[in-house]
Amino acid sequence: MVRAPSPTLSAALLGGFAVLLSGLLSTGCSGSASAAPTPVASGEAPVRVRLAPVVTEEVARPVRASGTLAGKQEVRLSTKVGGVVQAVSADEGQKVKRGQVLAALDLSEIGPLVAQAREAREKAARDLERVKGLHSQQVATLAQLQDATTGYEVADAAWRAASFNQRQATVLAPSDGRILKRMVEPGEVVSPGQPLFFFASTDGGWVVRVGLADRDVVRVKEGDPAEVTLDAYPGRTFRARISEVASAATPGVGTAEVELALDVRPSPGSEAPRLLSGLSAKAVVTPSERQAVQLVPVEALLEGDGEVASVFTLDGDGRTARRQRVRVAFLSGADGRAALSEGPGGGARVITDGVAFLRDGQAVAVVEAPSTEPTSRR
């Protein structure tokens, strides 16, 4: 038997389940689900059709989003003080170890300031010791001892601040990681806090950050599983879990950022992927929240308008097709089924093959689905 072609609606839906339902169900047909039944012409041959049951299940409506890959800990490294860059010892893409020197400023200006603060501290310490001795002999007053003590403490604080600034003139790797971007060259004059390197730590692993609309972000929570695909590795799927959910929407965008912790452990017999910060990623999150829906094959849908579509069911006589309006909640790309929030009800059967040639009240002849079992050879 020749299989009847599926409607234009079904082909579009099967080609891309991640597209909005309104675009997928638009067929441009002029028919309506509420149209009056069309009388069947006398002697008209019934249309041969196949049926599929309507199954009621509690399923999780998937959340689809796009985002970018990034290191969990990505920081801009800079110096606290300004000055002339004396040396740069790290390049873009280079792996570095914790504590490794990445760049250093010329200490010709900072060094003398530290030496000056150190000498002032030593002088204040000598003055304090001398006043203590005089005070013990009742030669110096208590006020003089207190002044000498204050002078030493002030000099000591100035020395510690100068020493701290001197240490901050050298940029060290905060942990094991990789230099994502180098933004400085030797001889340049940099200001305090100016970024010199963009650094990604390997301690926190990789994450995918996506923006979810308000209706989707309220359905997910930390720990929900997800599947991530990268454009750089077509056909490969990475497991992930939600690690963070923003508590506020991004200003001016209207979406809330959700972070997915990526599992990049290589499978047996394969190599670990080479990942780069900024790679494009697509994610499908499976929320823990479930809802009861009616599931039908997606090829049973036709004449969609937004969330509203139509299906054909078999009348009680078993020989007549009846059009019924349904409301589509979402599409399941994994098994090629549509989830209906309003439909014919569990236990009913919808017409799949032959639906493109039907009209309300059309006479039909039900054909059993071909057997999938292999034919035995004689």
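**Figure 1. Helix 3 and its span in the predicted model.** In this predicted model, helix 3 covers residues 110-136, and its 27 residues reach 39 Å from the first C-alpha to the last, close to the 39 Å expected at 1.5 Å a residue. The buried residues of helix 3 are Ile110, Val114, Ala117, Ala124, Leu128 and Val131, and these residues pack against helix 4, which covers residues 142-167. An α-helix has 3.6 residues a turn, so residues three or four places apart point the same way. Just after helix 3 comes Gln138, a residue that takes a positive phi of about 60°.

**Figure 2. Helix 4 and its packing against helix 3.** Helix 4 has 26 residues, and the distance from its first C-alpha to its last is 38 Å, close to the 38 Å expected at 1.5 Å a residue. Its buried residues are Leu145, Ala148, Ala155, Asp156, Ala162 and Ser163, and the partner against which these buried residues pack is helix 3. The crossing in which helix 3 passes helix 4 is left-handed.

**Figure 3. Strand 11 and the strands that pair with it.** Strands of a sheet pair through backbone hydrogen bonds, either parallel or antiparallel. Strand 11, residues 195-212, pairs with strand 4, residues 63-78, in the antiparallel sense over 11 bridges, and within this pairing Ser78 stands opposite Pro195 of strand 11. Strand 11 is also joined by five bridges to strand 9, residues 177-182, and these two strands run antiparallel; here Arg178 has Ala200 in strand 11 as its bridge partner. A further six bridges join strand 11 to strand 14, residues 256-262, again with the strands running antiparallel, and the bridge partner of Leu212 in strand 14 is Ala256.

**Figure 4. Strand 16 between its pairing partners.** Strand 16, residues 291-297, is mostly covered, with five of its seven residues buried. Strand 3, residues 55-59, is joined to strand 16 by five bridges, and the two strands run antiparallel; in this pairing, the bridge partner of Val59 in strand 16 is Gln291. Strand 16 also pairs in the antiparallel sense with strand 20, residues 337-342, over four bridges, and in that pairing Pro297 stands opposite Arg337 of strand 20. In a regular strand the side chains alternate between the two faces of the sheet.

Figure 5. Ala281 is found in strand 15, which covers residues 280-285. Is Ala281 buried or exposed? Ala281 has a relative accessible area of 3% and therefore counts as buried, the cut-off being under 20%. When its neighbours within four places in sequence are left aside, Ala281 is in contact with Ala65, Ser66, Gly67, Val208, Val228, Thr229 and Leu230. Ala65, one of these residues, lies 216 residues from Ala281 along the chain, yet the C-alpha atoms of the two are separated by 8.7 Å.

**Figure 6. The chain as a setting for the close-up views.** The secondary structure of the chain comes to five helices and 22 strands. Of its 378 residues, 35% count as buried.

Methods. Residues are numbered from 1 along each chain as its sequence is written. This is a predicted model: local features need pLDDT of at least 70, side-chain atom pairs count only at pLDDT 80 or more; totals for chains, interfaces and linings use all residues. Side-chain values use heavy atoms; hydrogens and water are left out. Two strands pair if DSSP finds at least two bridges between them. Buried means under 20% relative accessible area, exposed over 50%, partly exposed in between (1.4 Å probe, protein chains only). The expected span of a helix is 1.5 Å times one less than its number of residues. Contact means heavy atoms within 4.5 Å. A crossing is left-handed if the near helix is turned anticlockwise from the far one by less than a right angle, and right-handed if clockwise.
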